[in-house]
Amino acid sequence: MKCRVLIGIVSALLMMSLVSSAADDGAALYKRKCAGCHGASGEGKPAIKAPPLKGTSFEPAQIVQHITKGEATSKPPHNKGISGLTEDQATAIAEYVKSLK
């Protein structure tokens, strides 16, 4: 019984560290790939028509789609997707964007 509890605790701690690591990665990726246009805090930059991301109503899956696949009506880099990002990296960015308040 004690062994199962210990395994459960260790598993929970490992999962927490992975979630924290993914959030850190999302923040770092956002800073490197997105902040130049959308602002360090997701405030957007109207002068270059980059919309704010802070408080967006988009679901993470929609953000991932926009990052990876792009949209024909968007300006680069979003017209074809941001090159060099994996779906996991895009997911980390999307989760970070959703955390911006």
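Analyst: The largest pocket has a volume of about 590 Å³. This is a predicted model: local features need pLDDT of at least 70 and side-chain atom pairs count only at pLDDT 80 or more, while totals for chains, interfaces and linings use all residues. Residues are numbered from 1 along each chain as its sequence is written, and side-chain values use heavy atoms, with hydrogens and water left out.

User: What makes a space a pocket rather than a cavity?

Analyst: On a 1 Å grid over the protein atoms alone, a cavity is a set of points where a 1.4 Å probe fits but cannot get out, whereas a pocket is an open set with protein on both sides within 12 Å along at least five of seven lines. Grid points are joined across faces, edges and corners, and the volume is the space filled by probe spheres set on the points.

User: Which residues line the largest pocket, and what is the makeup of the lining by class?

Analyst: A lining residue has an atom within 4 Å of a point. The largest pocket has 25 of them, and His 38, Pro 51, Leu 53, His 66 and His 78 lie nearest its centre. Helix 2 (35-38), helix 3 (60-68) and helix 4 (87-99) are the elements that give two or more residues to this lining. Helix 3 gives the largest share, four residues. By class, 15 lining residues are nonpolar (Ala, Val, Leu, Ile, Met, Phe, Trp, Tyr, Cys or Pro), four are charged (Asp, Glu, Lys or Arg) and six are polar (the others, Gly among them).

User: What makes a stretch a helix, and how many does the chain have?

Analyst: A helix is a DSSP run of H or I with at least four residues, a strand is a run of E with at least two, and both are numbered from the N terminus. The protein chain comes to four helices and zero strands.

User: Why is the span of helix 4 said to agree with expectation?

Analyst: The expected span is 1.5 Å times one less than the number of residues. For the 13 residues of helix 4 that should be 18 Å, and the end C-alpha atoms are 18 Å apart, so the two agree.

User: Why is His 38 called buried?

Analyst: Buried means under 20% relative accessible area, exposed over 50%, and partly exposed in between (1.4 Å probe, protein chains only). His 38 has 9%, so it is buried. This residue lies in helix 2. Beyond its neighbours within four places in sequence, His 38 has contacts (heavy atoms within 4.5 Å) with residues including Tyr 30, Pro 51, Leu 53 and His 78.

User: Is Ala 94 buried or exposed?

Analyst: Ala 94 has a relative accessible area of 0%, so it is buried. It lies in helix 4, whose buried residues are Ala 90, Ala 92, Ile 93, Ala 94 and Val 97. Not counting residues up to four places away in sequence, Ala 94 touches Pro 60, Ile 63 and Val 64.

User: Why does Thr 56 count as buried?

Analyst: Its relative accessibility is 16%, so Thr 56 counts as buried. Thr 56 lies in the loop between helix 2 and helix 3. Leaving aside neighbours within four places in sequence, Thr 56 is in contact with Ile 63, Val 97 and Lys 98.

User: Why does Lys 49 count as exposed, and what is its phi?

Analyst: At 71% relative accessibility, Lys 49 counts as exposed. Its phi is near 60°, a positive value in a residue other than glycine. Most residues other than glycine have a negative phi, and most peptide bonds are trans.

User: Which peptide bond is cis?

Analyst: The bond from Pro 76 to Pro 77 is cis, with omega near 5°. Pro 77 lies in the loop between helix 3 and helix 4.
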